[in-house]
Amino acid sequence: MPATSDLYHQDYHAWIAGQAALLRQGRTHEIDPELLAEELEAMGRRERNELVSRLIILIAHLLKWQYQPEHRTSSWRGSIVEQRVQVSRELRLSPSLKAFLADAINESYPDARHIASQETGIRAAGFPADCPYRDSDILNESYWPGDSRG
C-alpha cells in the first residue's frame, strides 16, 4: 500500500477509507494528521458553501418574486419553497451554521442580485444594494415579498 500522502493523491476514496479504518482501530499514530486536518477543514467549508449556494438561489427567486409580480409562476414558488426547506435542513443538521447565517446572506446577495438581474432583465441597480430581507423572513414559509396574499 502506498504511503498515506501518496495514496491521498492517487486514490482519495481509498485514503479516506484507510484513515477512517485507522481511527476506528485506535491506530491514531498511523493517521496522516496534516491531510486529515485539511480534509476536516474542507468539509466545514463545503457545508458553508452549500448554505451560501442555496441562499443565492433562494434570494434570487425572492427578488424575482417581488420585482416581477406579473411573471410569478408555480416554478418560482416551488424553487423558493425547495430552497427554504434545504436551507432549514442544513441549519438543522449543522446548528453551528446558524451563527454564520447573516454572513452567508450578505455573501450570497451580490450573486443573487446578479442572477435576478440576468433572469428578469432588470438592471442590477434596480434592486437594493443590500439584501432587503431579514434573516427570519428569508426562511419564513409564510413570507412572500410584495405579495400580502402569500
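Modeller: One term is needed at the outset: a crossing is left-handed if the near helix is turned anticlockwise from the far one by less than a right angle, and right-handed if clockwise. Please also keep in mind that this is a predicted model.

Colleague: Which hand does the crossing of H3 and H5 have?
Modeller: The crossing of H3 and H5 is right-handed. Their axes come within 7 Å and cross at roughly 50°. This angle makes H3 oblique to H5.

Colleague: What classes of residue are found in that contact?
Modeller: The contact of H3 with H5 has 14 nonpolar, two polar and five charged residues.

Colleague: And H4, how does that lie against H3?
Modeller: H4 covers residues 74-93, and the axes of H3 and H4 come within 9 Å, crossing at roughly 150°. H3 is therefore roughly antiparallel to H4, as angles over 145 degrees count as roughly antiparallel. The crossing of H3 and H4 is left-handed.

Colleague: Which residues make the contact between H3 and H4?
Modeller: On the H3 side they include Glu47, Leu51, Leu55, Leu58 and Trp65, and on the H4 side they include Trp76, Ile80, Val87 and Leu91. By class, the residues of the contact of H3 with H4 divide into 10 nonpolar, four polar and seven charged.

Colleague: What about H2 and H3, at what angle do they pack?
Modeller: H2 and H3 pack at an angle of about 105°, and their axes are 12 Å apart. H2 is therefore roughly perpendicular to H3. The contact is made by Tyr12, Trp15, Gln19 and Leu23 of H2, together with Leu35, Leu36 and Glu39 of H3. Five of these residues are nonpolar, one is polar and one is charged.

Colleague: Changing topic: how many residues are in the largest nonpolar core?
Modeller: That core has 27 residues, and those with the most contacts inside it are Leu51, Leu55, Ile59 and Ile138. H3, H4 and H5 (101-120) are the elements that give two or more residues to this core.

Colleague: Which element gives the most to it?
Modeller: H3 does, with 10 residues.

Colleague: What does isoleucine 138 touch?
Modeller: Leaving aside residues up to four places away in sequence, isoleucine 138 touches Leu55, Leu58, Ile59, Leu62, Arg84, Ile105, Cys131 and Tyr133. There is also a second, separate core of seven residues, among them Tyr8, Trp15, Leu22 and Ile31.

Colleague: Where is tyrosine 67 found?
Modeller: Tyrosine 67 is in helix H3, which covers residues 33-67. Its relative accessibility is 29%, so tyrosine 67 counts as partly exposed.

Colleague: Which residues does tyrosine 67 touch?
Modeller: Not counting residues up to four places away in sequence, tyrosine 67 touches Ile122, Gly126, Phe127 and Pro128. Asparagine 106 is 39 residues from tyrosine 67 in sequence and 20 Å away in space, C-alpha to C-alpha.

Colleague: Why does alanine 17 count as partly exposed?
Modeller: Because its relative accessible area is 42%, and partly exposed is the range between under 20% for buried and over 50% for exposed. The C-alpha atoms of alanine 17 and methionine 43 are separated by 16 Å, with the two residues 26 apart along the chain.

Terms used. Residues numbered from 1 in each chain as written. Predicted model: local features only at pLDDT ≥ 70, side-chain atom pairs only at ≥ 80, totals over all residues. Heavy atoms only, no water. Helix = DSSP H or I, 4+ residues; strand = E, 2+ residues; numbered from the N terminus. Buried < 20%, exposed > 50% of the residue type's maximum accessible area, 1.4 Å probe, protein only. Contact = heavy atoms within 4.5 Å. Axes fitted to C-alpha atoms, helices over the stretch in contact; angles between N-to-C directions. Parallel < 35°, antiparallel > 145°, perpendicular 65-115°, else oblique. Nonpolar A, V, L, I, M, F, W, Y, C, P; charged D, E, K, R; others polar. Core = buried A, V, L, I, M, F, W, Y, C linked by side-chain atoms within 4.5 Å.
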